[in-house]
Amino acid sequence: MDWVNAVIQGILVGGLYALFATGLSLIFGVMRLVNIAHGDLIVLSSFLCLAIVSGLGLHPLIVLLIVVPVMFAIGYALQRGLLNFTLGPDILPPLLVTFGLSIVIQNALLEIFSADSQKLPAGALQTASLQIVEGLAVGVFPLIVFACAIVVIAGLQFLFYRTALGSAFRATSDDPDTARLMGIDNRHIFALAMAISLAVVALAGVFLGMRTSFDPSIGPGRLIYAFEAVIIGGLGSLWGTLAGGIILGVSQIVGGKLFPGADQLAGHVVFLILLVVRPRGLFPRAVD
Amino acid sequence: MPQIELHNARKSFGSLVVTDDFSMHLDEGEALGVIGPNGAGKTTLFNLITGGLAPDSGRIVFDGADITALPAHERCRRGIGRSYQIPHPFIGMTVFENLLVGAAFGTGKPESQCYGPCAEILEKTGLIGKANTLAGSLSLLERKRLELARALASDPKVLLLDEIAGGLTEEECLALVDTIREIRAGGVSIVWIEHIVHALLSVVDRLIVINFGVKIDDGDPHTVMNSTQVQEIYMGISAE
């Protein structure tokens, strides 16, 4: 039963990793931009939530109603005011600029919030659990996170394949110059993609802060998890990203059980093995 | 009334001047042909009109308004449609979705109102049977037709066609000429760059000749084709 428990925990953590990764996958898909600051933006959302929680005394899940729109707006402004100027045939400028952004965010957070470990108060949710059978219980909070990941991915899938904005995303992703000739303002489309990406990041950041402690330096670590989930799942596939997150989560928890203290290593090793066996990921896009 | 005007447009890439002090106009409802040797600056001319390239100097006017500084997507929304010489379909989307994108964003209508017009355009361009095929799996002729169909979906007032007949068989070419005539009869002005002269001459009212970025002739198609300068450029014979 211990092992079943470990696998279930792993799957649920995978939901959080999928939320880390979805935004990264989305903007890479739409504009081929690798956002090195992605992890730090997750941590920024955690701190933003912390500041509001301690200021207003609300529950973090309610504060989501503020953090998500704020990060959405930050995403739009960031893309319109900065990142759009870095996009072009050369892939290096966006990498360098987002790397710089990562350092700026880390140091700004350090300056404002200090290096202390923080945690978002989850209240009764922290310990609430559901007994499934004798000896097997799952936490309510991890279940909420996992359900959120599924809703977000299903929602994005709908947005991409069933709406006009989704067509614009896919057209711009295929050929930005031609998309402009079809009346699509790609600067606006890119900004919307980044805004949606950061709205998902806001969710991920708040859930991260409720689950574990965080400090300004943990962003790059989250970025690695996000990368691994995206690559395992296959670039451009949102459901693949969820599968990638789950595989990573299960590897970490089961690995940690087998070799205590080696949970992160186990995740990386499984990632490397999958990279060797299936370099294009589990669910690669058919056309590329 | 002129629909498109270029006033003294100039464009260079480094020391290479591809368009030099270029002025032209297109009247409403007119079909204008553009010929010239490879590298003469014909496609650059289109890029200047659609907004893909900004001129170094000079002005571009559409429907009486100066559009020189307007971004490409705005020009599309005002009614400038274009097909590429090398087809650029959105390969990850179906043929119908390719058209929908142009229709929804080029006209600003909600997508649900675009289904009918898009289906009509597919019918007219002979692609209706391929509506749900991924654009990436189309043949060359179908891709060329998709270029035309997608440009039409944005409901243009002016259509810029860049060597759309190139690489087609004689029969395919004739069918395409019929389609283009039909589009024109629907009130769309046309500028057509083409090397296949007989196809071009069967459609256009006026012909422009470009060489080394300069307009060297402009007038009645047959007169222009028989002029010594054109003979010189195309046949390589010197005018006595």
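Trainee: In what order do the 4 strands of the open sheet of chain B stand?

Mentor: This is a predicted model, in which local features need pLDDT of at least 70, side-chain atom pairs count only at pLDDT 80 or more, and totals for chains, interfaces and linings use all residues. Residues are numbered from 1 along each chain as its sequence is written, while chains are lettered from A and ligands numbered from 1 in the order in which they are written. Strands (E, at least two residues) and helices (H or I, at least four) are DSSP runs numbered from the N terminus, and two strands pair if DSSP finds at least two bridges between them. In this sheet the pairing is antiparallel, and the order is E2-E1-E4-E5.

Trainee: Which are the edge strands of chain B?

Mentor: An edge strand here pairs on one side only. That holds for strand E2 (16–27) and strand E5 (65–66).

Trainee: Which residue of E5(B) is the bridge partner of B:Val61?

Mentor: Strand E4 (residues 57–62) of chain B joins E5(B) over 2 bridges in the antiparallel sense. Within E5(B), the partner of B:Val61 is B:Asp66.

Trainee: How far apart are the end C-alpha atoms of helix H2 (residues 38–56) of chain A?

Mentor: The expected span is 1.5 Å times one less than the number of residues. For the 19 residues of H2(A) this gives 27 Å, so the helix agrees with expectation, its end C-alpha atoms being apart by 27 Å.

Trainee: Which helix supplies the largest share of the side of chain A that touches chain B?

Mentor: With contact meaning C-beta atoms, placed from the backbone, within 7 Å, 16 residues of chain A meet 24 of chain B. The largest share, 6 residues, comes from H6(A).

Definitions and conventions: Contact = placed C-beta atoms within 7 Å.
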